[in-house]
Amino acid sequence: MQGKEGLILQGCGGDPQEWLDGINEMLTDAKVLIDGTKFSDVSVFEHEGLTNILFPFSNDVHLDTGKFAMWRLATNENFGSTWLSDYVENNLGGFQTEQKEKAKPDCALIGQDGNIFNLMGIASRTLKQNGMKEEASEMCSRITKSGSYSEALGIIGEYVNITDSAESDDYDDDDFDEDDDEGMGMRL
């Protein structure tokens, strides 16, 4: 909801529909809701032991914003009414920024020795070479806990794009780093 605004009422025990109907009636009587519009799509959530209701502002709800600001101030003590942006900043530490998902790097596994530990090692090195050390550790942990070869291959495929080793020179035995092997293999 970053970049959007709404009204949050705090401590709304009971039936949320009754709250929705009651607030719509109060806002209509106060001439805050105009053109016969009403809030209809609200969200109920709990935080720090309180049941709260979010009334998001949308194009479907027409408001007299000046009257709404005065209504919110007047009802703050009774309803704990606050703006969404203030609530998120003061109670939740701000909106989380969206993190773009990292692209899966290509990893030449087709044509390699099919031992799962060998494949896991190659995939792990590929991830690390692409700045994804945490993902490499997570992948290895998941693989070692997996119940089957096919499940382990599926996990590898979640982290890397499996490609044909004949078409790529991504894996070079000379690139092997003994300190970077996740403890899964040995060099002969």
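Which residues form one aromatic cluster? I find Trp19, Phe39, Phe55, Phe57, Phe68, Trp71, Phe79 and Trp83 in it.

Ground rules first. I am working on a predicted model, where local features need pLDDT of at least 70, side-chain atom pairs count only at pLDDT 80 or more, and totals for chains, interfaces and linings use all residues. Residues are numbered from 1 along each chain as its sequence is written, and side-chain values use heavy atoms, with hydrogens and water left out.

**Overall layout**

I looked up the secondary structure and found six helices and six strands. I take these as DSSP runs numbered from the N terminus: helices are H or I with at least four residues, strands are E with at least two. The order along the sequence is β-α-β-β-α-β-α-β-α-α-α-β. Of the 188 residues, 34% count as buried (under 20% relative accessible area; exposed is over 50%, partly exposed in between; 1.4 Å probe, protein chains only). I also checked contacts (heavy atoms within 4.5 Å). Among those between residues at least 6 apart in sequence, 64% join residues at least 24 apart.

**Aromatic pairs**

I get nine aromatic pairs in the structure. Rings of Phe, Tyr and Trp (its six-membered ring) pair if their centres lie within 6.5 Å; planes under 30 degrees apart are stacked, over 60 edge-to-face, the rest tilted.

Trp19 and Phe79 pair edge-to-face, with 5.8 Å between centres and 80 degrees between planes. This pair links distant parts of the chain: Trp19 sits in helix 1 (residues 16–29) and Phe79 in helix 2 (residues 65–79), 60 residues apart. Phe79 is buried, at 14% relative accessible area.

Phe39 and Phe57 have ring centres 6.5 Å apart and planes at 35 degrees, so I log the pair as tilted. They are 18 residues apart: Phe39 lies in the loop between helix 1 and strand 2 (43–47), Phe57 in the loop between strand 3 (50–56) and helix 2. Phe39 is buried at 3%, while Phe57 is partly exposed at 28%.

**Helix 2**

The buried residues of helix 2 are Phe68, Trp71, Arg72, Thr75 and Phe79. Their cover includes strand 1 (6–10), helix 1 and strand 4 (82–83). After the helix comes Gly80, with a positive phi near 60 degrees.

**Nonpolar cores**

I define a core as buried Ala, Val, Leu, Ile, Met, Phe, Trp, Tyr and Cys residues joined through side-chain atoms within 4.5 Å. The largest has 18 residues, and Leu127, Met139, Ile143, Ile156 and Val160 touch the most other members. Strand 5 (106–110), helix 4 (116–129), helix 5 (133–145) and helix 6 (149–159) each supply at least two residues. Helix 4 gives the most, with six.

I followed up Val160. Leaving aside neighbours within four places in sequence, Val160 is in contact with Lys104, Pro105, Cys107, Ala123 and Leu127. A second, separate core has 17 residues, including Ile23, Leu63, Phe68 and Trp83.
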